[in-house]
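Trainee: I would like to learn how to read a fold from its coordinates, one feature at a time. Could you take me through the terms as we go?

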Amino acid sequence: MLTSTRKNIFVNLLVISLVFAWVPVLQAKGFFKIGDPAPNFTLDTLDGQTVSLAQYKGKVVVLGLFHICEPCLIQGTELQKVAEAFKGSAGVQVLGVNSAGNSKEKVKDFLKEFPLKVTYPYMVDPKKETDALYGGGRFIPNVYIIDQAGIIRWQRVGSMEIGGADVIKAEVERLLASPKTGGT
């Protein structure tokens, strides 16, 4: 009887653990805004330029929201590969945002750790507005692909599934080729 009781306790604890492990994933799915307009924001880049998401309407935008963390370093590096693949393309823009409110100095130090030099505009968000707009914060990194009309068409939230450069490039190419989103 004692063995059966222990087994039941173990099974119950296992079920409870699995439920708690999946709650963040299920909540993150609720943040997906595929098909919704991408919320606009205006922030300063690390080199002092003011950038607004709205200024890229007409382009496919790959937007990464990051904190200072290992998954963000990996995802930010994947976005750099995407930026390099579309370098010179007038129809694509990669943007990065430190949405955690970190200082410019801390973000610059973090970017020095990347295996590839980040050449896409990288902004700081001292008020964490983009985390609120895009449902981030607890689920980082976030990557969004926004079509030419400003509509979110693809998203990865959190580090459970990093969006690899090849996957992101394929989504961007699909949008560039799609007549209904303004592609050719």
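Mentor: Let us begin with burial: a residue is called buried when its relative accessible area is under 20%, exposed when that area is over 50%, and partly exposed in between, with a 1.4 Å probe and protein chains only. Helices (H or I, at least four residues) and strands (E, at least two) are DSSP runs, numbered from the N terminus. The model is a predicted one, in which local features need pLDDT of at least 70 and side-chain atom pairs count only at pLDDT 80 or more, while totals for chains, interfaces and linings use all residues. Residues are numbered from 1 along each chain as its sequence is written, and side-chain values use heavy atoms, with hydrogens and water left out.

Trainee: How many helices and strands are there in the protein chain, and what pattern does it follow along the sequence?

Mentor: The protein chain holds 5 helices and 7 strands, and read along the sequence its pattern is α-β-β-β-α-β-α-β-α-β-β-α. Of its 184 residues, 44% are buried.

Trainee: How many residues of strand 4 are buried?

Mentor: In strand 4 (residues 92–98), 7 of the 7 residues are buried, so this strand is largely enclosed by the rest of the structure.

Trainee: Which strands pair with strand 4, and in which sense, parallel or antiparallel?

Mentor: Two strands are said to pair if DSSP finds at least two bridges between them. Strand 3 (residues 60–66) runs parallel to strand 4 and is joined to it by 7 bridges, and within this pairing glycine 64 has glycine 96 as its bridge partner. Between these two strands the chain passes through helix 2 (residues 70–85), and this β-α-β crossover is right-handed; the word applies if, with the strands pointing away from the viewer, the path from the first strand over the helix to the second runs clockwise. Strand 4 also pairs with strand 5 (residues 122–124), again in the parallel sense, over 3 bridges, and there asparagine 98 has valine 124 as its bridge partner.

Trainee: What can be said of strand 6, and is it enclosed or open?

Mentor: For strand 6 (residues 142–146), 5 of the 5 residues are buried, so the strand is largely enclosed by the rest of the structure. Asn142, Tyr144 and Ile146 are buried on one side, while Val143 and Ile145 are buried on the other. Strand 6 runs antiparallel to strand 3, with 5 bridges between them, and in this pairing leucine 65 stands opposite asparagine 142. Strand 6 is joined to strand 7 by 5 bridges as well, and these strands run antiparallel, with isoleucine 152 in strand 7 as the bridge partner of isoleucine 146.

Trainee: What lies between strand 6 and strand 7, and which residue there takes a positive phi?

Mentor: The hairpin has 5 residues between the strands, and glycine 150 takes a positive phi near 85 degrees.

Trainee: Which residue has a positive phi although it is not a glycine?

Mentor: Most residues other than glycine have a negative phi. Lysine 128, however, has a positive phi of about 60 degrees; this lysine 128 is found in the loop between strand 5 and helix 4 (129–134) and, at 44% relative accessibility, counts as partly exposed.

Trainee: Which residues is leucine 116 in contact with?

Mentor: Contact means heavy atoms within 4.5 Å. Leucine 116, in the loop between helix 3 (104–111) and strand 5, is in contact with Thr77, Gln80, Lys81 and Glu84, leaving aside neighbours within four places in sequence. The C-alpha atoms of leucine 116 and lysine 81 are 8.4 Å apart, although 35 residues separate them in sequence. Across the protein chain, among contacts between residues at least 6 apart in sequence, 73% join residues at least 24 apart.
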